[in-house]
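This report goes through a protein model one contact region at a time. Please keep the sequence and the 3D view open while reading.

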Amino acid sequence: MGVEGIGARVARKEDKRFITGRGRYVDDVKIVGLTHAHFIRSPHAHAKVKGIDASAAKDMPGVVDVLTAQQLVDDKIGNLICGWAVSSKDGTPMKMGAWPAMAPDTVRFVGQAVAVVIAETKNQAKDAAEAVVVTYEELPAVSSMTAALASGAPQLHPEAPGNVVYDWAIGDEKLTNDAFSKAANVVSLDLTNNRLVPNAMEPRAAVAEYDEAEEHFTLHTTSQNPHVARLVLSAFYNVAQEHKLRVIAPDVGGGFGSKIFIYPEEMVALWASKKVRRPVKWTGDRTEAFLTDAHGRDHISHAEMAFDANNKILGLRVKTHANFGAYMSLFSSSVPTYLYATLLSGQYNIPTIYAEVMGVYTNTTPVDAYRGAGRPEASYLVERLMETSARQLKVDPAELRRLNFVTQFPHQTPVIMAYDIGDFGASLDAALKAIDYAGFPARKAKAKAAGKLRGLGFSCYIEACGIAPSKAVGSLGAGVGLWESAEVRVNPVGTIEVLTGSHSHGQGHETTFAQLVADRLGISVDQVQIVHGDTDKVQFGMGTYGSRSAAVGMSAIFKAMEKVEAKAKKIAAHLLEASEGDIVIENGEFKVAGTDKAIALPMVALAAYTAHNLPDGMEPGLKEGAFYDPTNFTFPAGAYICEVEIDPGTGKTDIVDFVAVDDFGRLINPMIVEGQVHGGLAQGIGQAMLESAIYDDNGQPVTASFMDYAMPRADDVPSFRVSHTTTLCPGNPLGVKGCGEAGAIGSSPAVINAITDALGHNKIEMPATPGRVWEALQLQQAAE
Amino acid sequence: MYETTYHRPASIDEAAALFAKHPEAKYLAGGHTLIPVMKQRLAAPSDVIDLAKIKDLIGIEATSDALIIKAATTYYDITQSAAAKKAIPAIVHLTSVLGDPAVRYRGTVGGSIANNDPAADYPAAVLALNATIKTNKREIKGDDFFQGLFSTALEEDEIITSVSFPIPAKAGYAKMRHPASRFALTAVFVAQTKSGEVRVAATGASQSGVMRVPAIEAALKANWSAGALDGVKISADGLMGDIHGSAEYRANLIKVMAQRAVDAAG
Ligand SMILES: Cc1cc2nc3c(=O)[nH]c(=O)nc-3n(C[C@H](O)[C@H](O)[C@H](O)COP(=O)(O)OP(=O)(O)OC[C@H]3O[C@@H](n4cnc5c(N)ncnc54)[C@H](O)[C@@H]3O)c2cc1C
């Protein structure tokens, strides 16, 4: 391995353009004749659209056209799809209402588009939008799951009676009930997992262009998975044919899941570019992001854990209500089911689990995968329950966990997942040592003397990444396979291009993927170029989410590299008149082992392309592709400990220490891994202490700007102490597990466990804002 | 943003003359309130008259009795001013916890008090010190200036030229930041004047903007110490309650912030 190979802290190649302002984002795309789109959105959470009068607007300066929902219907443009079929426990398929890209007759959340103005400038489009008269007849709205499920509640979709999408279950109900009937102790907990707004730094955007002569579309869009976008746009929406549509996702400023989905605006821009026969740009503003980017989380759960007399877990029973908002977004159905309930076993030996999940429609923004997607909800539930159990059973929380850890691998949980490897005790030990657990009582006493309340909270999370074995997800209802593709092109001069179906939108793939190639060939990362995000360049790919790009995307590159190396070795052996089996690759050279005979990579590459002297029958060129379908999920896991201090006068909580010990398998670039962990921790802490998307009873969003939606700032988070323990993943050639979401998955329960420890009771929900913590302290004082 | 015409006058008189010609105009200073509101299309001035470059509106000066800050002086300049630090350190502290660096580089005292946001910091200092607001037409006492949410004694065309803060014997400011906006969730300015009067103003708390807090003033008048406030009870009546804190919480914060401000004042 060279200095820039696997395990090296290589500075990110892509950062030069990002930090000098030279990134090229969708909004930077300039095309001659570009027009600008501005959407007209519903101010009501639920209403009938009685009419749209655009006559005055069409005559306004610069207006190219005003397109309405009815025209989408007339053009037979398809409705948005949900790509994962989940059935209720009685076997009935999920009940979904139609989601048209613009609403022709009924709007079901504030911000849903009904029409779009296309004009020469954005400002002209906005001016004209004010002149479009939309007549609504307001309908009663339901903004919470409780309201949606009440008898006589307003109904969102005729297809989904009672506003229920599905009533799903996993596990063995009878076995679980039996376990509870035998239990020495049962601990129960009610929890709310607050709704979050992803807030990627770059808002969503699209630039669509139609070439009339070629009948060909090009769409630049803020996507985490441009090939999936092309597939869905062509196969389901009837806008363009797949071979006549190029989708480019250039530099993308963060996604966190929210840019996986194919949204109305991008699709309408594409359709409109043909309608108005001009290129069309739409760049969302922050308000539109708050109103229309798929939100995350939003669960209400009741959980119970049964213990025997020795504090061993006997069973877990969970009932969760998951809020889907007004429509089923692309992967929404899978999030509170297969991405959530399958992780409810946590790091523990739990003989039996039964979890029921009811998916509910409300008049709010649709909810879908957001950093962690289901797994943060699972770890929050399991880890709050473990901490609560330890307090109730009067056992040390670290010891209760250790007593119940899975220690034998592979381990089949009662909820589908089969953990391949891990060492949960090692991570916990390292975390206890790092935080100086033994010194906590003294620190707590010292804080008390200074008038502060100190608390310490654990979270031993596990999650599933590297999604996923295609056959397995197919059997669970997924509409797509979840493999990845790669192509390695060695150029005639020996430089290398790697085409990948993964998409980097902040993750640093241009560096880490190059490190893999550098490692294998012993060359510098500068000789490697990573190509991604363009359906005309990369044949196919499933994109980046679910911490899958190392475990799945890089494994595909690994396979393609093996093929390239095999062919290159044949050529080298031929040129060196040696036997193929004796060729080794070192420092960019092909060497005959044990001799000083060697030929450099550029010479091998040149030979491949001149084809003057190749082994008999060998095709010219040096380029190989591979598809990699994972054999299993990967299971990153770790131990987080958070220490907080509460100011009882104001209720303000300061995180005074935060230790994160993760097992991600092999680290390709530890610096990038640390960055991913830091970002994830900040998001998890944001959920625990600051962030919450709130609607009033009429479905009006109360937190649709940064004035009311609190994002974590640098001074809200401590200086994290991040370290690793390692078990190599046996399921993929690199031994990697994935690190993109762990921080967001593991941190919120650690924070709340620390706060409840400091408070001395459990009556607090996320986000634990100063106001709420203060109220919780008053409760306690009233009780005393 | 709607179309607007931008003007950059060189003097106060020129600015006032421009306003007289364009009655639908707005004065612009740091722009950190006005520009976002215009971008959201919630304000549509025909003309924008920029005061930020008028030399007579910039500068800080201290006499033995008063700290005088001209209206278009930026927060940043105030935090860097040795004269201000010496005269009323509590004002420099207040400025240093106002917004973030970008806001402090552009935002101005005149803009802040003309805007009179119910959670803004400066109104608390102006009211607690009973500062004098000088305009191109007259002088207005702090006591008479603030008239409820986003409303002041200023006439449409009136320009604040400076604010004169009497130098107190003691003063302190303590702020609980709003978790999202970082304005005041509740903040309190306490002051003891050279003649021994105690004046206390709270911002961010009341439904009708910055307010005096007589219960705290009385307790501190009797005994200038944080401990003197232990037994004081602040009523939640008329206070704001929202997703970031109930009225009861804000009532508690008035007291706790007042105690911390007294500690800071010494
Ligand atoms: C992200 C952010 C955070 C902020 N945080 C805080 C905070 O923590 N605390 C706080 O107090 N404020 C905060 N603010 C508001 C900030 O202080 C504003 O700058 C201030 O309210 C307005 O001052 P300005 O100079 O920017 O005025 P402008 O926005 O230019 O003007 C505001 C209003 O005042 C009028 N005006 C300006 N100058 C004069 C004058 N000399 N005479 C008459 N009228 C005048 C204008 O016509 C306009 O109506 C924040 C703002 C932002 C954007």
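How many Å apart do the C-alpha centres of domain 2 of chain A and domain 3 of chain A lie? In this predicted model, the C-alpha centres of domain 2 of chain A and domain 3 of chain A are separated by 39 Å.

## Domains of chain A

Chain A is divided into three parts: domain 1 covers 2-20 + 483-628, domain 2 covers 31-139 + 202-253 + 259-292, and domain 3 covers 375-461 + 634-783. In the contact of domain 2 of chain A with domain 3 of chain A, domain 2 supplies 8 residues and domain 3 supplies 9 residues.

## Interface of domains 2 and 3

The size of an interface is often given as the accessible area lost when the parts come together. For domain 2 of chain A and domain 3 of chain A, the buried area is about 570 Å², with 70% of that area coming from carbon and sulfur atoms. On the domain 2 side, the residues that lose the most area to domain 3 of chain A are Ala45(A), Val110(A) and Phe290(A), which together give 67% of what that side buries.

The side of domain 2 of chain A that touches domain 3 of chain A has 5 nonpolar, 2 polar and 1 charged residues. The count of salt bridges between domain 2 of chain A and domain 3 of chain A is 0. Across this interface of domain 2 and domain 3 of chain A, 1 residue pair is in polar contact.

## Interface of chains A and B

Between the chains, 24 residues of chain A are in contact with 21 residues of chain B. Chain A and chain B bury about 1800 Å² between them, and carbon and sulfur atoms account for 51% of it.

How many salt bridges are counted between chain A and chain B? The count is 6 salt bridges. Arg41(B) forms a salt bridge with Glu130(A), in which the closest N and O atoms are 3.0 Å apart. Across the interface of chain A and chain B, 14 residue pairs are in polar contact.

## Ligand site

The ligand is surrounded by 30 residues, and the closest are Tyr27(B), Gly31(B), Tyr75(B), Thr108(B) and Asp121(B).

Gly31(B) has a polar backbone atom 2.7 Å from an oxygen atom of the ligand. A polar backbone atom of Leu34(B) is also 2.7 Å from an oxygen atom of the ligand. From Lys175(B), a polar side-chain atom lies 3.1 Å from an oxygen atom of the ligand. On its own the ligand has 960 Å² of accessible area, and the protein covers 90% of this.

Note on methods:
Residues numbered from 1 in each chain as written. Chains lettered and ligands numbered in written order. Predicted model: local features only at pLDDT ≥ 70, side-chain atom pairs only at ≥ 80, totals over all residues. Heavy atoms only, no water. Domains from an automatic or database assignment. Contact = heavy atoms within 4.5 Å. Buried area = accessible area lost by both parts, 1.4 Å probe. Salt bridge = Lys/Arg side-chain N within 4 Å of Asp/Glu carboxyl O. Polar contact = N/O pair within 3.5 Å; in protein donor to acceptor, adjacent residues only side chain to side chain. Nonpolar A, V, L, I, M, F, W, Y, C, P; charged D, E, K, R; others polar. Near = heavy atom within 4 Å. Areas by Shrake-Rupley, 256 points an atom, 1.4 Å probe, with all protein chains shown as cover.
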